[in-house]
Amino acid sequence: MYAEVNLQSKDNKHYLEIIVPRFDVPISLRGKYYLRTGSTLQELKGPALNEFILRRTGKTWDDIPEPKASIGDIDDATVKQFLKDARIAKRISVEDDISISDLMEKLRLLEDGQLKRAAVILFGKDPGRFYPNLSVKIGKFGDSDADLKFHEVIEGNLIQLKDQIGEMLNAKFFIHPIDFAGMQRVEKDEYPVAAVREMILNALVHRNYLGAPTQIRLYDDNFSVWNDGSLPEGITEEDLKKVHRSKPRNPLIADVCFRAGYIDSWGRGTIKIIEACKDAELPEPVLKEEQGGFLSKILKDHFTEDQLKKLGLNDRHLKAIAYTKKNDLISNADYMKLNKVGKTTATLELSELVALGIFAAPAAKGRGAKYALK
């Protein structure tokens, strides 16, 4: 099939119209493969190319049989936990005494008697034996990415991980432990539980299982989850802030998690994160593609440098806010000394911070006025 080239004219000017037909198989250009999404041209390579080829043949990574796995590789305790959760969710009808093989068949995790990759990821005794990098890394950082205070690595199947991650965060990382079972509770002092839970589940369900381990990072002022694998074709970062179609990378894994009540199937996960942060009076979360994967981040503080730069503040504003965060209050004289400016400039810029709702209006006027973060 060839591209169509037409000579067109408009407003007494001539131009060439080139129409390239859509191909459902990857086409190489000088040995490289590309995918066009809107106005963006993305080179496909490695796992992304493999995923593209699978989808164009009507398959996904989790739908492929795993020849090395057998029913004996399925963990009995995980199956029992799934059945317990599924009965509560009431999204699947399963007999109490159903065999493991019959359950795998019912969940479409068997093909010609062979377990699919999704079965190993969800229920495997040791899924890391089949696929490397399935672990989840959790790290506590200080002032920078280089300042790693301590970390933990968690391994297991997806159903085990979703609980183990929460237990580890509560035991070692969160200042104030949160109740992952109490979904309506909002944790004012640290992070909203509904958002944290959704971030973890999104990463586990939608990650690229051939890529790097999932990473959870905690700083003094933010909590983030990164998983390998970019957004689905046709879904943009802006789409995540509104109702959008659910296009899971791993549809079999997502379906089993839906039936157990862990997730829904309406593409509302990111909206839940945004709403939970809003209810907890936290800044809008960061939801973006980053370094070949997807990052979700909750900011504990409205007054982080990234947040403040969005308001168009200058360096003097930022230094004054940092000073006030450390010392609780700032005066006109403090501002003048900190930024080496005169009284008029200090008074004007402090008033600008009050107008923006960053500083509270001082109770006293004149020389004794003290400003605090609102």
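**Labels and their grounds**

Author: This is a predicted model. In helix α8, residues 269-279, the buried residues are G269, T270, I271, I273, I274, A276 and C277.

Reader: What covers the buried residues of α8?

Author: The cover includes α6 (193-206), β12 (286-290) and β13 (293-299). Just after α8 comes E281, with a positive phi of about 60°.

Reader: Why is M199 called buried?

Author: M199 has a relative accessible area of 2%. Buried means under 20%. The value of 2% is under that cut-off, so M199 is buried. M199 belongs to helix α6.

Reader: Which residues does M199 contact, leaving aside neighbours within four places in sequence?

Author: They are F223, S224, V225, I273, S296, K297 and I298. One of these, I273, is among the buried residues of α8.

Reader: How far apart are the C-alpha atoms of M199 and D315?

Author: They are separated by 33 Å. Along the chain, the two residues are 116 residues apart.

Reader: What makes K140 buried?

Author: Its relative accessible area is 16%. The cut-off is under 20%. K140 falls under it, so K140 counts as buried. K140 lies in strand β8, residues 136-141.

Reader: What joins the side chains of K140 and D220?

Author: A polar contact of 3.5 Å joins them. The limit is within 3.5 Å, so this pair qualifies.

Reader: Which residues does K140 touch, not counting those up to four places away in sequence?

Author: K140 touches D147, L148, K149, F150, F173, L218, Y219 and D220.

How values were computed. Residues are numbered from 1 along each chain as its sequence is written. This is a predicted model: local features need pLDDT of at least 70, side-chain atom pairs count only at pLDDT 80 or more; totals for chains, interfaces and linings use all residues. Side-chain values use heavy atoms; hydrogens and water are left out. Helices (H or I, at least four residues) and strands (E, at least two) are DSSP runs, numbered from the N terminus. Buried means under 20% relative accessible area, exposed over 50%, partly exposed in between (1.4 Å probe, protein chains only). A polar contact is a pair of N or O atoms within 3.5 Å; within protein, one must be able to donate a hydrogen and the other to accept it, and residues adjacent in sequence count only if both atoms are side-chain atoms. Contact means heavy atoms within 4.5 Å.
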